[in-house]
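Good morning, and thank you for coming. Please look at the sequence and the structure on the screen, and keep both in view while I speak.

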Protein chains: 2
Amino acid sequence: MRDRGFPTTTPARASSRRSPFSIDVILFTPRGQQLAALCVRANDPRARERWLLPHDSAAPGETLDAAARRIAKTACGVDATWMEQVGAFGDGTRHPADTELSVAFVGVVPSDDTVKLPGDGAWFGVSEPPALAVRQRAMLDAGLDALRTRMDYAPIAFRLLPERFTLSELQAMYELLLGKRLHKASFRRALQATSLVEATEEWRSEGRGRPAQFFRFAPKKRRGARRGVRFDTLT
Amino acid sequence: MRDRGFPTTTPARASSRRSPFSIDVILFTPRGQQLAALCVRANDPRARERWLLPHDSAAPGETLDAAARRIAKTACGVDATWMEQVGAFGDGTRHPADTELSVAFVGVVPSDDTVKLPGDGAWFGVSEPPALAVRQRAMLDAGLDALRTRMDYAPIAFRLLPERFTLSELQAMYELLLGKRLHKASFRRALQATSLVEATEEWRSEGRGRPAQFFRFAPKKRRGARRGVRFDTLT
DNA sequence: TCAATAGTGTCTGTTAGACATTATGGA
DNA sequence: TCCATAATGTCTAACAGACACTATTGA
């Protein structure tokens, strides 16, 4: 399943010609009440205790995005349900592939899909990351920042939920991704205003309290200009 | 002035070993009522009519940011007053340096500094860009997007104004950067709330109407949490 | 005086956040 | 019945946008 004819996620240093740049993937999944990031063990037998971000070089003719998705699938066994580029990292920092440059991608996989992980991978809670090479540590931090920043512009939370979900589940996912609690009534009002979800006829039966209605992700066209002059988070 | 011992901004293709990636700079300046982007003529005598974004490879030991600032200064003669990385571009698209990958940076220079431009450069209004290689065109578009997006998080407008400026000048700069008109009273209220500027004792004498007070950029600590649950511009 | 620009006061509709209340099922 | 969770109604403070008004200079 993991050998798809492409190089492995932790390429041997001894490869014939060194690649000019690596593509590194920061993959997140919900785990408990916080996010976890995927790391893999070093292939190098002398450094089996070191952890790395999944990375590889791009195959000839392969787009950056395709390479990142391939690396993610190789590392965790399933396709990422959302992925975007974070940026390029270099500046002479240390990287396990010894490349001058690395292009970081951030992605997510639903937690249901993370149960069976290839043997050399492990999920680390974002609050206790393993020791990484300097450049990969910078990419991990930037990946988490990018994930949270882009939540406002991409339907990331929905890509981590099943097709049908309750509003409480959706709110919990937003809280987990953002790392902070949200106000229930405000959350639902804001959600209502965006026309991102539509109610289904199904209700959840299990559990103790009042049943919750299931919703599905169904974004409507889009709304007019947002109000305001925002200077918000200036330096 | 332009020959600083580094490669020129439009390196000859015939260089001994091809660089693995280029660094490309999208430089903007206010020109009239809109932004203009800097392009340079191709060095290649067969293609003197082609335009390019300033680009080069990074020198050994040079950081990405330092290289981008050097390229910008070489291309327009003065230092950029703000610059950030946009991202990595590749995917097999055409690029004048024939590299597999390009790292784009976006920056700004005040319009006062753009009067004397090295001979092979020219400013193009963002609404009429010249024909560029596919990858550079993508970088130009992404650079403008990045500039406008990051205005809310970086004091870009202030980097395009002299140390002392009037609130009308500041608002005009925001309008030029964002490409849209803003409401005067709301603009000033929002500015007040951010504590980004402080008044000086100086007033502008010139001109017809009532004199305007000069302000200076002087950001105070930073404010508490911003309100709200924002889903704004979801897909 | 008028023209032009700077700066401010006030009103209104919208919304975030808080709180309370109702609704509905299981134990 | 009580408890737990879902869902909604109402109040308030903050704020964006609009408008009008005052202030101060030069022509």
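With which side chain does the side chain of Asp24(A) make a polar contact? The partner is the side chain of Ser22(A), at 2.6 Å. A polar contact is a pair of N or O atoms within 3.5 Å; within protein, one must be able to donate a hydrogen and the other to accept it, and residues adjacent in sequence count only if both atoms are side-chain atoms.

Before I continue, a word on conventions. This is a predicted model, in which local features need pLDDT of at least 70 and side-chain atom pairs count only at pLDDT 80 or more, while totals for chains, interfaces and linings use all residues. Residues are numbered from 1 along each chain as its sequence is written, chains are lettered from A and ligands numbered from 1 in the order in which they are written, and side-chain values use heavy atoms, with hydrogens and water left out.

Let us stay with Asp24(A). This residue belongs to strand 1 of chain A, residues 21-31. Helices (H or I, at least four residues) and strands (E, at least two) are DSSP runs, numbered from the N terminus. Asp24(A) has a relative accessible area of 0% and is therefore buried. The term buried stands for under 20% relative accessible area, exposed for over 50%, and partly exposed for what lies in between (1.4 Å probe, protein chains only). Setting aside neighbours within four places in sequence, Asp24(A) is in contact with several residues, including Pro54(A), His55(A), His95(A), Gln136(A) and Met139(A). Contact here means heavy atoms within 4.5 Å. Asp24(A) and Phe89(A) are 65 residues apart in sequence, and their C-alpha atoms are 9.9 Å apart in space.

Next, please find Thr99(A), in the loop between strand 5 (82-89) and strand 6 (101-108) of chain A. Is Thr99(A) buried or exposed? With a relative accessible area of 6%, Thr99(A) is buried. Beyond four places in sequence, Thr99(A) touches Ser19(A), Pro20(A), Phe21(A), Ser22(A) and Arg135(A).

Not counting residues up to four places away in sequence, Arg204(A) touches Thr166(A), Glu169(A), Pro211(A), Ala212(A) and Phe214(A). With Glu169(A) there is a polar contact between the two side chains, at 3.0 Å. From Arg204(A) to Leu27(A) the separation is 177 residues in sequence and 30 Å in space, C-alpha to C-alpha.

I turn now to charged pairs. Side chains of opposite charge can pair when their charged atoms come close. A salt bridge is a side-chain nitrogen of Lys or Arg within 4 Å of a carboxyl oxygen of Asp or Glu. How many salt bridges does this rule give over all chains? The count is 22.

Consider three of them. Arg70(A) forms a salt bridge with Glu62(A), with the closest N and O atoms 2.7 Å apart, and both residues are buried. Glu163(A) and Arg164(A) are joined at 3.9 Å, N to O; Glu163(A) is exposed, at 57% relative accessible area, whereas Arg164(A) is partly exposed, at 29%. In chain B, Asp141(B) and Arg137(B) meet at 3.1 Å, N to O. These two residues are four residues apart in helix 2 (residues 134-150) of chain B, so about one helical turn separates them. Shared partners also link Asp56(A), Glu62(A) and Arg70(A) into one network of salt bridges.

Finally, the domains. Chain A is assigned domain 1 (2-150) and domain 2 (162-222), with bounds that come from an automatic or database domain assignment. Seven residues from domain 1 and five residues from domain 2 of chain A take part in their contact. The area buried between these domains is about 490 Å², of which carbon and sulfur atoms give 71%. Buried area is the accessible area (1.4 Å probe) that two parts lose on being put together, summed over both. Across this interface the rule finds zero salt bridges and one residue pair in polar contact, both at pLDDT 80 or more.

Thank you for your attention.
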